[in-house]
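Colleague: I would like a close look at one part of this protein. Please keep it brisk.

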Amino acid sequence: MLTQAEYGYGIDLGGTKIEGVVLTPDGEELIRHRIPTPREDYTATIRAIADLVGFMERETGIAAARVGVGIPGSASPRTGLVRNANSTWINGRPLEHDLRDALARPIRLANDANCLALSESIDGAACDADTVFAVILGTGVGGGLVVNGRIITGAHGLAGEWGHVPLPNMPDSHMPGGARRCFCGRRGCIETWLSGPAITRQYRDAGGRAARLQDVVAASQRGEALARDVLARFVENLAGALGMIVNIIDPEVFVLGGGVSNLPGLAERLASAIRPHVFASPSDRIDIDLRLARWGDSSGVRGAARLWDMTHDI
Ligand SMILES: [Zn+2]
């Protein structure tokens, strides 16, 4: 008979949906459920998360002893306030404190890309690796670092915030009008180049007509030169951005998650494209190991449910 604390309650707070899961210790999902995010409304967001936890408790008959929550951005370890979230209505708010009040039980927050990295290192694509860097390529772009089964958050909770570093090796000719301003206030962030909306925007800026990333991919598969060029440049830009991570961390495995990671053949193309960006001589044997997230879109919420498995504060 398992105790309540052995079941992992996880919540993934996204910009358009909130997902919840209850996991057994061996990773079986007792329930997984999605609801729409009340956009631009902080109080309703708190209430929606509390309602979702209550719903899962009723459905499973298992009380949540504690809850892990993955969020865009992160909570400052100094102030407890959320910052850097592209769901900007949670920025500046004491989310952990307010959720603890609403749910009357312990809450642990973590960045959503950190949750992806944790999930994939525990029982996902990188379960055989000690050093894992996971990236989310979706509506936003983020990164998370797990070493020996633990999330590395850093002194200020900023480790892995790879999406808000300027894209390296960007020639001026690729930036007519200058680097684009990011929601974070900086210019030319990796997120402004590599997110799904950024790719479709680059395609339209070059004269293409597509509303969605899938349309660009379909045009490329039909052999349209413009779409092929935009996607080839995306692979090259991503390779430069990941090459930078190799030179700083050199992880054993990169995990690719988020909707953009489903581009056909992405991992295979990247493995060779990263090579010229790595600080190594041509005779060195460099095998960049990139793998798609095993748990797909559910990896974030599964990682959130595992936040309490780590023995140190995050
Ligand atoms: Zn930014």
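Into which domains is the protein divided? Take me through where they touch.

Modeller: This is a predicted model, in which local features need pLDDT of at least 70, side-chain atom pairs count only at pLDDT 80 or more, and totals for chains, interfaces and linings use all residues. Residues are numbered from 1 along each chain as its sequence is written.

The protein is divided into domain 1 (4-116 + 298-309) and domain 2 (128-293). The bounds come from an automatic or database domain assignment. The C-alpha centres of the two domains lie 26 Å apart. Where they touch, 15 residues of domain 1 are in contact with 18 residues of domain 2. Contact means that the C-beta atoms, placed from the backbone, lie within 7 Å.

Now the domain 1 side. Strand 5 (74-75), strand 7 (107-111) and helix 3 (112-123) each give two or more residues to the side that touches domain 2. Helices (H or I, at least four residues) and strands (E, at least two) are DSSP runs, numbered from the N terminus. Helix 3 supplies the largest share, 4 residues. By class, this side of domain 1 has 6 nonpolar, 8 polar and 1 charged residues. Here Ala, Val, Leu, Ile, Met, Phe, Trp, Tyr, Cys and Pro count as nonpolar. Asp, Glu, Lys and Arg count as charged, and the others, Gly among them, as polar.

Terms used. Contact = placed C-beta atoms within 7 Å.
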